[in-house]
Amino acid sequence: MKEFKHVIADPLGMHARPAGMLVKAAAGYASKITVAAPTGTADAKRLMALMRLAAKQGMELTITVEGADEEKAAAELQAFLAANL
Amino acid sequence: MGLFDKLFGKKEELNPNHIYAPMAGEAVAITEVPDPTFAEGTMGNGIAIKPTDGKVCAPFNGTVDMMFETGHAVSLISESGIELLIHVGLETVGLNGAPFQVKVANGQKVKKGDVLMIADLEAIKAAGLPTITPVLVCNSFDYAGFQGNTGKAVTNADVVIELTK
């Protein structure tokens, strides 16, 4: 299992577009990817669950990646979040 | 539905796999949305509405899952499990709620036709943003078939998406 943290930099928080982009990115991996925020926990492959977090700028997310491609997925998702959220 | 059913308030029987238009306007293919995040279908299969009226109504009987604080988008889950996102206009998150009058709260049960929010379409246009409204089935992968009834004027009385299990 791999785990990393990301603090949301986007002033608008996790709104529909970044949530959608994250789902698209996460869907490319076999691993189970979970996003934990102070507001709850979501499967990164499910858009509605991600949006329900209502995660805002400054909130710290903990992303857990578990599966065959966890090394690659964690590294790439960390870079993805740094660039997009 | 007969007159007596109406008189006695019998619940309207809705097809659990049908989604009615949440806004009045022209229903168009999702590919007409000038924003790849929506148009490419990565957030789910859907359609879009070019609204002529700012009233956003429940497209089925279900529950409000998440009304965004800024009111520009709302997600709902139908009684049958359809996960739907209605995103009013594009880039409207940046308007910080000003053009949106929110009428429902998270977790609230709604019936088809209940008003969820009222968008000020003129204010959105005045801000230089498109009012085209993507309507996306976020769990479209749970369904074998998807049919969008687009290319025509619609109201909340018209089915715009027909799903098959």
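## Contacts in chain B

Among contacts in chain B between residues at least 6 apart in sequence, 69% join residues at least 24 apart. Two residues are in contact here if their C-beta atoms, placed from the backbone, lie within 7 Å. This is a predicted model, in which local features need pLDDT of at least 70 and side-chain atom pairs count only at pLDDT 80 or more, while totals for chains, interfaces and linings use all residues. Residues are numbered from 1 along each chain as its sequence is written, and chains are lettered from A and ligands numbered from 1 in the order in which they are written.

## Chain B as a whole

Chain B holds three helices and 14 strands. Helices (H or I, at least four residues) and strands (E, at least two) are DSSP runs, numbered from the N terminus. The radius of gyration of chain B is 15 Å, close to the 15 Å that the globule rule gives for 165 residues, so chain B is as compact as a globular protein of that length. That radius is taken over C-alpha atoms, and the globule rule is 2.2 Å times the number of residues to the power 0.38.

Taken along the principal axes, the C-alpha atoms of chain B fill a box of roughly 50 × 35 × 30 Å. How many of the 165 residues of chain B count as buried? The share is 42%. A residue is buried if 20 or more other C-beta atoms lie within 10 Å of its own, exposed if 12 or fewer, and partly exposed in between, with C-beta atoms placed from the backbone.

## A three-stranded sheet in chain B

Now find the open sheet of three strands in chain B, which has the order 1-14-12 and antiparallel pairing. Two strands pair if DSSP finds at least two bridges between them. Strand 1 (18–20) and strand 12 (145–148) of chain B are the edge strands, each pairing on one side only. From one strand to the next, the twist averages 15°. For such angles, axes are lines fitted to C-alpha atoms (for helices over the stretch in contact), and angles run from 0 to 180 degrees between N-to-C directions.

Strand 14 of chain B covers residues 159–164, and three bridges join this strand to strand 1 of chain B. You can trace H18(B) to E162(B), which stands opposite in strand 14, and Y20(B) to its bridge partner V159(B). Strand 12 and strand 14 of chain B pair in the antiparallel sense over four bridges. There, the bridge partner of G145(B) is T164(B) in strand 14.

## Chain A as a whole

Chain A has three helices and four strands. Starting at the N terminus, its elements run β-α-β-β-α-β-α. With a radius of gyration of 11 Å, close to the 12 Å that the globule rule gives for 85 residues, chain A is as compact as a globular protein of that length.

The C-alpha trace of chain A spans about 35 × 20 × 20 Å along its principal axes. Of the 85 residues of chain A, 40% count as buried. Among contacts in chain A between residues at least 6 apart in sequence, 67% join residues at least 24 apart.

Helix 3 of chain A has 15 residues (residues 70–84) and should span 21 Å at 1.5 Å a residue; its end C-alpha atoms are 20 Å apart, which agrees. The expected span of a helix is 1.5 Å times one less than its number of residues. Which residues of helix 3 of chain A are buried? They are A73(A), A74(A), L77(A) and L81(A). These residues cover an arc of only 95° around the axis, which puts them on the same side of helix 3 of chain A. The arc is that of the directions from the helix axis to the C-beta atoms. The face turned away from that buried side carries the exposed residues E71(A), A79(A), A82(A) and A83(A).

Helix 1 of chain A is mostly covered, with nine of its twelve residues buried. Among them are P18(A), L22(A) and V23(A). The buried residues of helix 1 pack against strand 2, helix 2 (47–52) and helix 3 of chain A, together with helix 2 (36–39), strand 6 and strand 7 of chain B.

## Where the chains meet

The contact takes 15 residues from chain B and 13 residues from chain A. Strand 7 of chain B gives the most to the side of chain B that touches chain A, with three residues.
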